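User: I am new to this structure and would like to learn how to read its features one at a time. Could you take me through them, giving the general idea and then the case at hand?

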Amino acid sequence: MLISLFGAVESGVIYAIMALGVYLTFRVLDFPDLTVDGSFVTGAAVASISMINGVPPILATILAAFAGFLAGCVTGVLHTKGKINALLSGIIMMIALYSINLRIMGQPTLSLLRESTIFKQLESIWAATGIDTFLNGLLAMLGIEQLPGTWSIVILMIVITFVIKLLTDYYLKTDVGLALRATGDNKKMIRSLSANTDSLIIVGVGISNALVAFSGALIAQHGGFADVGMGIGMIIIGLASVIIGEALFGTKTIARTTIAVIGGAIVYRIVVTLALRVEFLETGDMKLITALLVIAALVAPKILSARKEKKRRMQKRAQLKMEV
C-alpha cells in the first residue's frame, strides 16, 4: 500500500507541472486550450528522440519544453491572427500534433530503457549520499516493511516543481503577468489601455504548453518510454488537478492557487491509485474515474455553498422573528 501511495505522489508531482500549464490557460487566460493532449506527447517525443540520438538528458528536456512553447504559440496565432475560435484552435493543433509527433518519433513507441535519462543519472549520484538508507531506516523503525527503492526522484521533482511554481508566481506579478491576467479577466478593457492582447495570448498559451511538454518529457523518462497515444485525456487530468486543488485548498492569492494546483495533482493521483485497488475496477477505468472526480469536484462546492446560504437565510429569518 505504501509503495503504491509513494508512486502516486512521485508521478503526481511530475504531472503537477502539466497542471500548472493548464491553470495558466484555463484560469488565468480563460482560454480553453486542447493543445495539451498533443503538446504533452510532443515533449515526450522530442526528449526521447533527442536522447536516443545522443543529446544529454537535461538539454533534451529543455528542447522538449521549447517544442511545446512553439506548439502553443501556433495555437495562439490561429486564434488571434486567424480569428479561429479558441476551442477550435486547440482542437486543430491537437490533431496536427498527432501526425507531427509520429514524424518526430518515426514509430508509435520509443523505448528509453537503454538510454541515460535524468532520473538514471540522478540515481547513480544519489546512491552515494546515503539518504535512501537513512530515510528507509526511519520508516523501518516505525514498523513499515515495504520501503521505496529510492527517494531521489520524488525529492528532485518536488524541488523542480516548486521552483517552477515560484517562477510562475513571480511572472504573474510582473507587469506582463498582470497584463496577462487582465486579458483573461476583461480583454476589451486591457485593449483600451493600448495593451497588445494578441501577443499576450500567444505568449501565455506558449508558456502553458512549454510546461505541459516539459512534464511530458519527464513522464517519458520516468516511465521509460514515449508513446504517441500517451497524451489522450491529458487535458482532463490537468483540469481535474486544478479543480480538485482549488476546491480543497482555496484560491485567495496567486501563490495559494498555484500550491493548490500542485496539491490537486498529487491528490488526484492518490485517489486514482486507491480507486484502482477496488476489486471491480480495472486499469481501463481510469478515464471514468477521472470524469467522476471532475464531476464531484465541480458539484460538491456548489452543493456546500447552497447549504451554507440556506443555513444563513434560516438564521436570519429566526433572528427577525425574535426581533418581532
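Analyst: What follows goes from the overall form to single residues, and the model is a predicted one.

User: What percentage of the residues count as buried, and how much area does the protein expose?

Analyst: Burial is judged from relative accessible area, with under 20% taken as buried, and by that reading 47% of the 324 residues count as buried. The protein exposes about 16600 Å², of which carbon and sulfur atoms supply 67%. As for the contacts between residues at least 6 apart in sequence, 77% of them join residues at least 24 apart.

User: How many aromatic pairs does a search of the whole structure find, and how should I read them?

Analyst: The search finds two aromatic pairs, and each is read from the distance between ring centres and the angle between ring planes. In one of them, the rings of Phe-6 and Trp-151 have centres 5.0 Å apart and planes at 75°, so this pair is edge-to-face. Phe-6 belongs to helix α1 (residues 2-28), whereas Trp-151 sits in the loop between α6 (131-141) and α7 (152-173), so the pair ties together parts that are 145 residues apart in sequence. Both Phe-6 and Trp-151 are buried.

User: And what are the distance and angle for the rings of Tyr-15 and Phe-40?

Analyst: The ring centres of Tyr-15 and Phe-40 are 6.1 Å apart and the planes lie at 10°, so that pair is stacked. The pair links distant parts of the chain, with Tyr-15 in helix α1 and Phe-40 in helix α2 (residues 36-52), 25 residues apart. Tyr-15 is buried, and so is Phe-40.

User: Where does Gly-68 lie, and which residues is it in contact with beyond its neighbours in sequence?

Analyst: To place a single residue, one can look at its element, its accessibility and its contacts in turn. Gly-68 lies in helix α3 (residues 57-80), and because its relative accessibility is 0%, Gly-68 counts as buried. If neighbours within four places in sequence are left aside, Gly-68 is in contact with Gly-206, Asn-209, Ala-210 and Ala-213. The C-alpha atoms of Gly-68 and Val-46, which are 22 residues apart along the chain, are separated by 9.4 Å.

User: What is the phi of Asp-30, and what is the phi of Lys-83?

Analyst: The general idea is that most residues other than glycine have a negative phi. Asp-30 has a phi near 55°, a positive value in a residue other than glycine, and Lys-83 has a positive phi of about 55° although it is not a glycine.

User: Where are these two residues found, and are they buried or exposed?

Analyst: Asp-30 lies in the loop between α1 and α2, and because its relative accessibility is 54%, Asp-30 counts as exposed. Lys-83 is found in the loop between α3 and α4 (86-105), and Lys-83 is exposed, with a relative accessible area of 67%.

Definitions and conventions
Residues are numbered from 1 along each chain as its sequence is written. This is a predicted model: local features need pLDDT of at least 70, side-chain atom pairs count only at pLDDT 80 or more; totals for chains, interfaces and linings use all residues. Side-chain values use heavy atoms; hydrogens and water are left out. Helices (H or I, at least four residues) and strands (E, at least two) are DSSP runs, numbered from the N terminus. Buried means under 20% relative accessible area, exposed over 50%, partly exposed in between (1.4 Å probe, protein chains only). Contact means heavy atoms within 4.5 Å. Accessible areas come from the Shrake-Rupley method with a 1.4 Å probe; for residues, only the protein chains shown count as cover. Rings of Phe, Tyr and Trp (its six-membered ring) pair if their centres lie within 6.5 Å; planes under 30 degrees apart count as stacked, over 60 as edge-to-face and the rest as tilted.
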